Amino acid sequence: MQIFENTIKYYNLKSETFTNTTQTVDFESTQKRFLSRLHPASHLLDFGCGSGRDTKYFLSHGHTVDAIDGSEEMCKIAAKYTGIPVKQMLFHRLDEQEKYDGIWACASILHLPLQDLETVLHKMSRALKPYGIIYTSFKYGTFEGERNGRYFTDMTEETFAVLLKRIPTLTLEEQWISSDVRPGRGDEKWLNLTLRKSNIH
């Protein structure tokens, strides 16, 4: 699909620039918030790992991490930075069953069209063990479409609630709005969400 091709092309072409603006950003408050809901030595999936910042953090805190990204160039950068293999894979190719304690999807699945988000969230739920945790984030708003060479589906509390009603195995545990942590981007708002899988199949 052209939507995916354009977004992946963007990251392949802009991989160094994107890495320079994200890899060393302090994101620890949100990383800690996620890990606080998990047991020590959990098995995690970094779902759209980008430059590898979060994978490296989770590894340094004793967790096992599988990292994937759709961009070949980002995979190379993340693998070098984290010291682990990073698999090139599109989100809709996820096909695991109760493998992960937690899935981290930071500013990643927001590149999916709304119609595909539901499908991928179902796949993420299936990939989680019972009571597993998902963290994900979206730019705050109601826009959907291509913006600066990438496809975005923005979310508000209300629009995400409508989506979540169609995924009965996931419940909202926490949501909060934050400012962008990158320099000069503080006026941009993000919707952060923590979801928990029930033990219902």
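Predicted model: local features only at pLDDT ≥ 70, side-chain atom pairs only at ≥ 80, totals over all residues.

Q: How do you know whether the radius of gyration agrees with that of a compact globule?
A: The radius is taken over C-alpha atoms, and the globule rule is 2.2 Å times the number of residues to the power 0.38. For 201 residues a compact globule would have a radius near 17 Å, and the chain has 16 Å, which agrees. The C-alpha atoms fill a box of roughly 40 × 35 × 30 Å along the principal axes.

Q: What makes a stretch of the chain count as a helix or a strand, and how many of each are there?
A: Both are DSSP runs numbered from the N terminus, a helix being H or I over at least four residues and a strand being E over at least two. By that rule the chain has seven helices and nine strands.

Q: Why is E98 called partly exposed?
A: Buried means under 20% relative accessible area, exposed means over 50%, and partly exposed lies in between (1.4 Å probe, protein chains only). E98 has a relative accessible area of 34%, so it is partly exposed. This residue lies in the loop between β3 (86-88) and β4 (100-105), and its phi is near 50°, a positive value in a residue other than glycine.

Q: Why does Y131 count as partly exposed, and where does it lie?
A: Y131 counts as partly exposed because its relative accessibility is 47%. Its place is in strand β5 (residues 128-139), and its phi, near 70°, is positive although Y131 is not glycine. Most residues other than glycine have a negative phi.

Q: How do you know that the buried residues of α5 line one face of the helix?
A: In α5 (residues 72-82), M74, C75, A78 and T82 are buried. Seen down the axis of α5, these residues fall within an arc of 100°, so they line one face; the arc is that of the directions from the helix axis to the C-beta atoms. Just after α5, G83 takes a positive phi of about 80°.

Q: What puts the buried residues of α3 on the same side of the helix, and what do they pack against?
A: Within α3 (residues 28-35), T30, Q31, F34 and L35 are buried. They cover an arc of only 135° around the axis, which puts them on the same side of α3. The elements they pack against are β1 (43-47), α4 (53-60), β4, β5 and β8 (170-179), where contact means heavy atoms within 4.5 Å.

Q: Why is G149 called partly exposed, and which residues does it contact?
A: G149 is partly exposed because its relative accessible area is 29%. It sits in the loop between β6 (144-147) and β7 (150-153), and, leaving aside neighbours within four places in sequence, G149 is in contact with N6, T7 and Y10.

Methods. Residues numbered from 1 in each chain as written. Heavy atoms only, no water.
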